[in-house]
Amino acid sequence: MEKIASFTIDHIKLQPGVYVSRKDTAGAETITTFDLRMTSPNEEPVMNTAEVHTIEHLGATFLRNHPEYGPRTVYFGPMGCRTGFYLLLAGDYSSKDILPLMVQMYEFIRDYRDEVPGASPKDCGNYLDMNLPMANYLAKRYLDNVLYGIDDSRLVYPE
């Protein structure tokens, strides 16, 4: 079998950033998949499931309620390796196109202090596995270390 595209990226060189992972078509629509890499693969500890789960709930809630991107959001969820998230948007986008949206989303997560949306037994299959303070911390870290000063080296996959 052929390797899938995401397994051909050199994860030794990959640093936290916002990358276009792939572009697919569904009918006449382009679907852009973004790699929102929050930690350095194989160098830093991965995120724990509780904070990943919390970021997923908050990020999905933010995106689906966004006035412009809500209708374009196809999916937001964690990578199995727990080093980041995938965001799928309907449309043909570059990493730079979504930087303002990512700053807004991660500021929302950083500053969120209320009950986590969907964190109830009726709404979620693992509602107790949440860690809001760590989700706040990781969002702040991603903003401070990556998003606020991002340059092209963190917007295009390494060669």
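I started with the largest nonpolar core, which has 37 residues, and the ones with the most contacts inside it are Val18, Leu36, Met102 and Tyr106. By nonpolar core I mean a set of buried Ala, Val, Leu, Ile, Met, Phe, Trp, Tyr and Cys residues joined through side-chain atoms within 4.5 Å. Buried is under 20% relative accessible area, exposed is over 50%, and partly exposed is in between (1.4 Å probe, protein chains only). At least two residues of this core come from each of strand E2 (29-37), helix H1 (49-64), strand E4 (84-90), helix H2 (95-111) and helix H3 (132-145). H2 gives the largest share, eight residues. My element names follow DSSP runs numbered from the N terminus: helices are H or I with at least four residues, strands are E with at least two.

Caveats, before going on. This is a predicted model, with residues numbered from 1 along each chain as its sequence is written. Local features need pLDDT of at least 70, side-chain atom pairs count only at pLDDT 80 or more, totals for chains, interfaces and linings use all residues, and side-chain values use heavy atoms, with hydrogens and water left out.

**H1 against H3**

How do H1 and H3 pack? I get an angle of about 75° with the axes 8 Å apart. The axes are lines fitted to C-alpha atoms, for helices over the stretch in contact, and angles run from 0 to 180 degrees between N-to-C directions. From H1, Glu51, Thr54, Ile55 and Leu58 meet Leu132, Met134, Ala135 and Leu138 of H3, where contact means heavy atoms within 4.5 Å. I sorted the residues of this contact into six nonpolar, one polar and one charged. For that sorting, Ala, Val, Leu, Ile, Met, Phe, Trp, Tyr, Cys and Pro are nonpolar, Asp, Glu, Lys and Arg are charged, and the others, Gly among them, are polar.

**Buried spots**

I looked up threonine 33, which sits in strand E2. Threonine 33 is buried because its relative accessible area is 6%. Leaving out residues up to four places away in sequence, threonine 33 touches Tyr19, Val20, Ser21, Arg22, Asp24, Tyr86, Leu87 and Leu88.

Serine 40 is in the loop between E2 and H1, and at 2% relative accessibility I count serine 40 as buried. Its side chain makes a polar contact with the side chain of glutamine 15 at 3.4 Å. A polar contact is a pair of N or O atoms within 3.5 Å; within protein, one must be able to donate a hydrogen and the other to accept it, and residues adjacent in sequence count only if both atoms are side-chain atoms.

**Positive phi**

Most residues other than glycine have a negative phi. Which phi does asparagine 42 have? I find a positive value near 65°. Asparagine 42 lies in the loop between E2 and H1 and is exposed at 73%. Arginine 82 also isn't a glycine, and I noted a positive phi of about 65° there. Arginine 82 is in the loop between E3 and E4 and is partly exposed, with a relative accessible area of 29%.
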